[in-house]
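Below are some questions and answers about a protein model. Look at the structure first, then work through them in order.

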Amino acid sequence: MKTVLLHSCCAPCSAPILEWMLENDITPIVYFFNPNIFPYEEYEKRKQELIWYISSLNLRFIDGDYNHEHWLENIRGLENRPERGARCAECFKIRLEAAAMLAAELNIEIFSTTLSSSRWKDWKQIYEAGVSAERKVTNVRFWTKDWKKGGLTERRAILLREQKFYNQQYCGCEFSMRK
């Protein structure tokens, strides 16, 4: 495994994973596809910080389309579901299918996601979304690594402070905002 398409949600979640990949001779290509993030200013804040960080590492960045309205159409009826419920599962499927399709287009065999680094997310839902995407798109495999393990959660906290990253307080969608 030399190159991995890494679907990324933000710089704080990406930093320890990118560091780990580089230390293990893996070249990540970072894909920012997060149409769930609301409002648009929040989306831009997360994207620009990620661009700043990965440019410091001389890594390739691919910007996915921001189409929040399309995302809303795809999760219609799930808006009031609790966090870690059906809405999140559908959101993961949308984003990981897009990552799988891009990986295939770029002839990258392996794709993964920073979503599995979050303690707030259900690993099983992420795993199922990744495996589902792998089945739908030929010639790609979902790397089922749980990025919370191996000291990466602790490293995230350190990099958060060292890099002075913006630390968002919700996953991104308007339905996850704390009241």
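Q: Is Cys-10 buried or exposed in this predicted model?
A: The cut-off for a buried residue is a relative accessible area under 20%. Cys-10 has a value of 2%, so this residue is buried.

Q: Which cysteine sulfur is nearest to that of Cys-10, and how many disulfides does the structure hold?
A: The nearest cysteine sulfur to Cys-10 is that of Cys-13, 3.6 Å away. A disulfide needs two cysteine sulfur atoms within 2.5 Å, so Cys-10 is in no disulfide. For the structure, the number of disulfides is 0.

Q: How far is the sulfur of Cys-91 from the nearest cysteine sulfur?
A: Cys-91 is buried, with a relative accessible area of 6%. Cys-91 is in no disulfide. Its nearest cysteine sulfur belongs to Cys-171, and the distance is 6.5 Å.

Q: What distance does helix 4 reach from its first C-alpha to its last?
A: Helix 4 covers residues 86-105, which is 20 residues. At 1.5 Å a residue, a reach of 28 Å is expected. The model comes close to this, with 29 Å.

Q: Which residue with a positive phi follows helix 4?
A: Within helix 4, the buried residues include Cys-88, Cys-91, Phe-92 and Arg-95. After the helix comes a residue with a positive phi, near 60 degrees. That residue is Asn-107.

Q: What is the handedness of the β-α-β crossover from strand 1 to strand 2?
A: In the pairing of these strands, His-7 stands opposite Tyr-31 in strand 2. The chain passes from strand 1 through helix 1, residues 11-23, to strand 2. This crossover is right-handed.

Q: In strand 4, what is the bridge partner of Leu-6?
A: Strand 4 covers residues 110-113 and runs parallel to strand 1, joined by 4 bridges. The bridge partner of Leu-6 in strand 4 is Ser-112.

Q: Are the rings of Tyr-31 and Phe-33 stacked or edge-to-face?
A: The count of aromatic pairs comes to 15. In one of them, the rings of Tyr-31 and Phe-33 have their centres 5.8 Å apart and their planes at 5 degrees. Both residues are buried. Planes under 30 degrees apart count as stacked, so the pair is stacked.

Q: How many residues apart are Tyr-43 and Tyr-66?
A: The rings of Tyr-43 and Tyr-66 have their centres 4.1 Å apart and their planes at 40 degrees, so the pair is tilted. Tyr-43 is in helix 2, whereas Tyr-66 is in the loop between strand 3 and helix 3. The pair links distant parts of the chain, and the separation is 23 residues.

Q: Which of these two is buried, and which is partly exposed: Tyr-43 or Tyr-66?
A: Both belong to one aromatic cluster that also includes Phe-32, Tyr-40 and Phe-61. With a relative accessible area of 1%, Tyr-43 is buried. At 25%, the partly exposed one is Tyr-66.

Q: Over which ring does the charged end of Lys-45 sit?
A: Lys-145 lies over the face of Trp-20, at 4.8 Å from the ring centre. The charged end of Lys-45 is 4.4 Å from the centre of another ring, that of Tyr-166.

How values were computed. Residues are numbered from 1 along each chain as its sequence is written. This is a predicted model: local features need pLDDT of at least 70, side-chain atom pairs count only at pLDDT 80 or more; totals for chains, interfaces and linings use all residues. Side-chain values use heavy atoms; hydrogens and water are left out. Buried means under 20% relative accessible area, exposed over 50%, partly exposed in between (1.4 Å probe, protein chains only). Helices (H or I, at least four residues) and strands (E, at least two) are DSSP runs, numbered from the N terminus. The expected span of a helix is 1.5 Å times one less than its number of residues. Two strands pair if DSSP finds at least two bridges between them. A crossover is right-handed if, with the strands pointing away from the viewer, the path from the first strand over the helix to the second runs clockwise. Rings of Phe, Tyr and Trp (its six-membered ring) pair if their centres lie within 6.5 Å; planes under 30 degrees apart count as stacked, over 60 as edge-to-face and the rest as tilted. A charge sits over a ring if NZ of Lys or CZ of Arg is within 6 Å of the ring centre and within 35 degrees of the ring normal.
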